[in-house]
Amino acid sequence: MAQTNYDVVIIGAGISGLCAAARLVHGGYKVLVLERFRQLGGRFSTVDYKGFKLSTGANDVECNCSLEETFHLVEAEFNVRHPEPDLAYRIDGVDHVLPRQGGLRKLISLGVRNEEEEERVRLAFRRALSWEEPSPTITLRDWLAQYSDSQKLQQIFQGFAALVLAINSYEVKARTFIRFLKAMGGRVVHGYAVGGNITLVNALGAAIERLGGQIQTETEVKRILVGDDGVVQGVSFQQPGREGEVRAKAVLSRVGPRGTIRLAGEANFEKGYLKEVEMNMRPAPVITIYAAADRPLITHPGVIVLTNNTRRVCSIRSQTLTCPELAPPGKHLIETFSALGDSLGPVDFEQEVALSIMDLKEHIPGFDRHAEILQVMYHRGEWPAYHAWPGWTIAPRTPIEMLWNIGDGVNPEGWPGLESSGEGSKRVAEDVMNRIRPGK
């Protein structure tokens with residue numbers, strides 16, 4: 001690193017770190033991104049296994065929002081294909097494709113027993129979306145139960161909540177679900193990265209460097225440097241055979257609020273903030289199972305959301321129907337996503353996996369005869385689906401001046417999933433640009 005002074009240092013080259021870096025270098029800031037692993041992307045990257053390209057975390061690419069906007073802003077290639085049709089809900093063994101507009105009303109109609117019940121539930125959603133949101137003290141399941149005792153309706157929204165929020169309808173706040181509908185409902189179009197997620201993060205990384213930013217892999221940040229005045233000064237790092245420090249006006253940390261506290265030292269944080277982090281950082285654990293098949297066992301190209309008759313699996317997709325490049329010739333890739341029975345734990349991992357595999361065998365005809373499980377990924381702890389449950393996140397700014405958190409521990413309310421990285425990083429980058437000028 002020839003240059004030791006930067007406007008901004010970003011810890012972590014996951015998608016949130018790269019999105020923030022892209023927006024900042026586009027604004028003329030001198031940016032350094034430090035990543036401890038050899039490749040970019042974190043939980044939005046790709047591993048090659050037996051010729052299959054498996055995601056390290058997120059599988060869908062949410063388009064039409066801040067994430068895609070960031071790529072276009074810095075002219076990075078956004079090579080994403082869209083399955084058509086996209087989202088389908090499996091109810092009583094039948095896959096119902098949702099329309100682009102009116103999807104919520106369609107789901108309600110599929111879960112209720114008569115027109116009177118449908119109108120009651122529909123009006124409850126209308127009031128929550130346009131007038132007064134539900135209290136933060138009530139879960140989605142309990143909120144729905146006020147307007148309908150239909151088990152099928154509950155199962156539909158359980159699948160919906162688990163898919164987008166990675167926790168169950170009896171764990172997520174009704175208000176959080178409503179805010180998701182406000183922020184992203186009807187806007188987002190799903191897609192798959194051609195060649196795997198690594199192609200997207202590499203394209204974004206190349207754009208950052210083309211605009212003058214620097215990215216250093218295999219570089220572990222050991223400490224966030226804080227002055228006696230409570231203002232961030234930079235970071236210390238370790239590379240193979242070398243240690244050093246870099247100075248910066250601002251630091252953005254993608255390692256989660258708890259990781260940021262460890263790096264900066266608890267003594268530099270207010271006690272109230274430490275308590276808030278301890279209370280709110282509830283990692284969302286999920287299980288992803290990848291399987292290979294010698295024939296297309298699934299015909300729907302998009303995401304199938306499982307509702308009733310499922311134990312743990314909330315979604316099934318076969319990305320190779322849209323992107324055959326993700327598998328060897330003649331092979332098909334199946335990916336499933338499971339929320340756990342209790343997202344706070346304790347968790348019997350073997351039991352959770354066994355329940356998920358039972359779901360696969362029941363919902364995918366021919367799975368026993370024609371499919372082979374490639375990998376079971378358990379996302380938890382420091383590598384979860386989210387560092388904090390949606391609705392439990394904290395503000396990006398920390399008590400240390402010019403130190404921000406980014407990523408899924410500080411999601412903007414209503415923006416879960418990959419898109420939260422795009423939207424959250426956009427907001428933090430704008431905050432940085434309002435606070436400091438490049439090169440000054």
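Which residue stands opposite L34 in strand 2? That would be I11. Keep in mind as you look around that this is a predicted model.

**Strands 1 and 2**

Strand 1 (residues 5-11) and strand 2 run parallel, joined by four bridges. Strand 2 is covered on both faces: V31 and V33 are buried on one side, and L32 and L34 are buried on the other. As background, side chains in a regular strand alternate between the two faces of the sheet.

Is F44 buried or exposed? With a relative accessibility of 2%, F44 counts as buried. Setting aside neighbours within four places in sequence, the contacts of F44 include I15, T56, A58, D60 and V61, and N197, L200, V201 and L418 are also among them. For a sense of scale, F44 and R311 are 267 residues apart along the chain, and their C-alpha atoms are separated by 27 Å.

Next up is an open sheet of three strands, ordered 5-9-6 and paired antiparallel. Strand 5 (61-63) and strand 6 (80-81) are the edge strands, each pairing on one side only. Three bridges hold strand 5 and strand 9 together in the antiparallel sense, and E62 has H190 of strand 9 as its bridge partner. Helix 8 (residues 197-210) packs on this sheet, where it touches strand 5, strand 6 and strand 9. The direction of helix 8 makes about 90° with that of strand 9.

H190 is worth a stop of its own. This histidine sits in strand 9 (residues 189-193) and is buried, at 18% relative accessible area. The cut-off for buried is under 20%. The side chains of H190 and D86 are joined by a polar contact of 3.1 Å. Apart from neighbours within four places in sequence, H190 is in contact with D60, V61, E62, H82, P83 and D86.

V305 has S315 of strand 16 as its bridge partner.

| Strand pair | Sense | Bridges |
|---|---|---|
| Strand 1 and strand 2 | parallel | four |
| Strand 5 and strand 9 | antiparallel | three |

**Helix 6 against helix 7**

Finally, a helix pair. Helix 6 (residues 151-165) and helix 7 (residues 174-184) pack with their axes 12 Å apart, at an angle of about 70°. The two helices are therefore roughly perpendicular to each other. Helix 6 brings F157, F160, A161, V164 and L165 to the contact, and helix 7 brings F177, F180 and L181. By class, that contact has eight nonpolar residues, with no polar and no charged ones.

Notes: Residues are numbered from 1 along each chain as its sequence is written. This is a predicted model: local features need pLDDT of at least 70, side-chain atom pairs count only at pLDDT 80 or more; totals for chains, interfaces and linings use all residues. Side-chain values use heavy atoms; hydrogens and water are left out. Axes are lines fitted to C-alpha atoms, for helices over the stretch in contact, and angles run from 0 to 180 degrees between N-to-C directions. Angles under 35 degrees count as roughly parallel, over 145 as roughly antiparallel, 65 to 115 as roughly perpendicular and the rest as oblique. Contact means heavy atoms within 4.5 Å. Ala, Val, Leu, Ile, Met, Phe, Trp, Tyr, Cys and Pro count as nonpolar, Asp, Glu, Lys and Arg as charged, and the others, Gly among them, as polar. Buried means under 20% relative accessible area, exposed over 50%, partly exposed in between (1.4 Å probe, protein chains only). A polar contact is a pair of N or O atoms within 3.5 Å; within protein, one must be able to donate a hydrogen and the other to accept it, and residues adjacent in sequence count only if both atoms are side-chain atoms. Two strands pair if DSSP finds at least two bridges between them.
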